[in-house]
Amino acid sequence: MSRAGVAFPEMQAPVIAAPMAGVSTPALVAAVDAAGGFGFLAGGYRRPPDLAQDIRRTRSLTDRPFGVNLFVPAPTDPRARGADAVEAVARYADRL
């Protein structure tokens with residue numbers, strides 16, 4: 001049995017569908033599960049109510065387990081990145 005089969009004993013095929021933002025859908029997750037793999041929903045860019053709806057829809061399409069991928073994006077404030085750069089240059093300048 002494959003390593004994936006040990007981690008997910010209900011898998012019949014060693015396939016895990018990656019949780020791709022904008023591509024992962026309840027139908028895709030259910031299809032992967034039906035084929036014996038393990039499907040994931042992408043949740044990182046979804047609003048909580050929309051993700052909850054996707055989870056409910058996936059549960060209505062399959063009785064097999066599936067995953068939901070979540071992540072916390074890094075801050076996008078350019079001032080924070082600029083401050084890091086200024087600090088790094090200042091440390092270099094001090095050594096010179």
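Predicted model: local features only at pLDDT ≥ 70, side-chain atom pairs only at ≥ 80, totals over all residues.
Figure 1. Ser24 is buried, its relative accessible area being 13%. A polar atom of the Ser24 side chain lies 3.2 Å from the backbone nitrogen of Ala42. When the neighbours within four places in sequence are left aside, the residues in contact with Ser24 are Pro19, Val29, Phe40, Leu41 and Ala42.

Figure 2. The buried residues of helix 2 are Pro26, Val29, Ala30, Val32 and Asp33. They lie on the same side of helix 2, because the arc that they cover around the axis is only 160°. Among the elements that cover these buried residues are strand 1, strand 2 and helix 3. Just after helix 2, Gly36 adopts a positive phi of about 100°.

Figure 3. Within helix 3, the residues Leu51, Asp54, Ile55 and Thr58 are buried. They fall on the same side of helix 3, since the arc that they cover around the axis is only 100°. An α-helix has 3.6 residues a turn, so residues three or four places apart point the same way. Arg56 and Ser60, by contrast, are exposed on the other side of helix 3. The cover over the buried residues of helix 3 includes helix 2, strand 2 (38-42) and strand 3 (67-69).

Figure 4. Leu61 belongs to helix 3 and is partly exposed, with a relative accessible area of 37%. Although Leu61 and Ala27 are 34 residues apart along the chain, their C-alpha atoms are separated by 7.2 Å. With the neighbours within four places in sequence left aside, Leu61 is in contact with Pro26, Ala27 and Ala30; of these, Pro26 and Ala30 are among the buried residues of helix 2. The C-alpha atom of Arg59 is separated by 9.8 Å from that of Val29, a residue 30 places away along the chain.

**Figure 5. The salt bridges of the model.** Side chains of opposite charge can pair when their charged atoms come close. With a cut-off of 4 Å between a side-chain nitrogen of Lys or Arg and a carboxyl oxygen of Asp or Glu, the count comes to 2 salt bridges. One of them joins Asp54 to Arg46, with the closest N and O atoms 3.0 Å apart. In this pair Asp54 is buried, with a relative accessible area of 13%, whereas Arg46 counts as partly exposed at 36% relative accessibility. Asp54 is also one of the buried residues of helix 3. The other salt bridge is formed by Arg47 and Asp50, whose closest N and O atoms are 3.4 Å apart. Here Arg47 counts as exposed at 52% relative accessibility, while Asp50 is partly exposed, with a relative accessible area of 23%.

**Figure 6. The aromatic pair formed by Phe38 and Phe40.** A pair of aromatic rings is described by the distance of the centres and the angle of the planes. The structure holds 1 aromatic pair, which is formed by Phe38 and Phe40 in an edge-to-face arrangement, with 5.3 Å from centre to centre and 70° between the planes. Phe38 is buried, with a relative accessible area of 6%, whereas Phe40 counts as partly exposed at 22% relative accessibility.

**Figure 7. Context of the close-up views within the whole chain.** The protein chain contains 4 helices and 3 strands, which follow the pattern α-β-α-β-α-β-α when read along the sequence. Of the 96 residues in the protein chain, 24% are buried. Among the contacts between residues at least 6 apart in sequence, 53% join residues at least 24 apart.

Note on methods: Residues numbered from 1 in each chain as written. Heavy atoms only, no water. Buried < 20%, exposed > 50% of the residue type's maximum accessible area, 1.4 Å probe, protein only. Phe/Tyr/Trp six-rings, centres within 6.5 Å; stacked < 30°, edge-to-face > 60°. Polar contact = N/O pair within 3.5 Å; in protein donor to acceptor, adjacent residues only side chain to side chain. Contact = heavy atoms within 4.5 Å. Helix = DSSP H or I, 4+ residues; strand = E, 2+ residues; numbered from the N terminus. Arc of directions from axis to C-beta.
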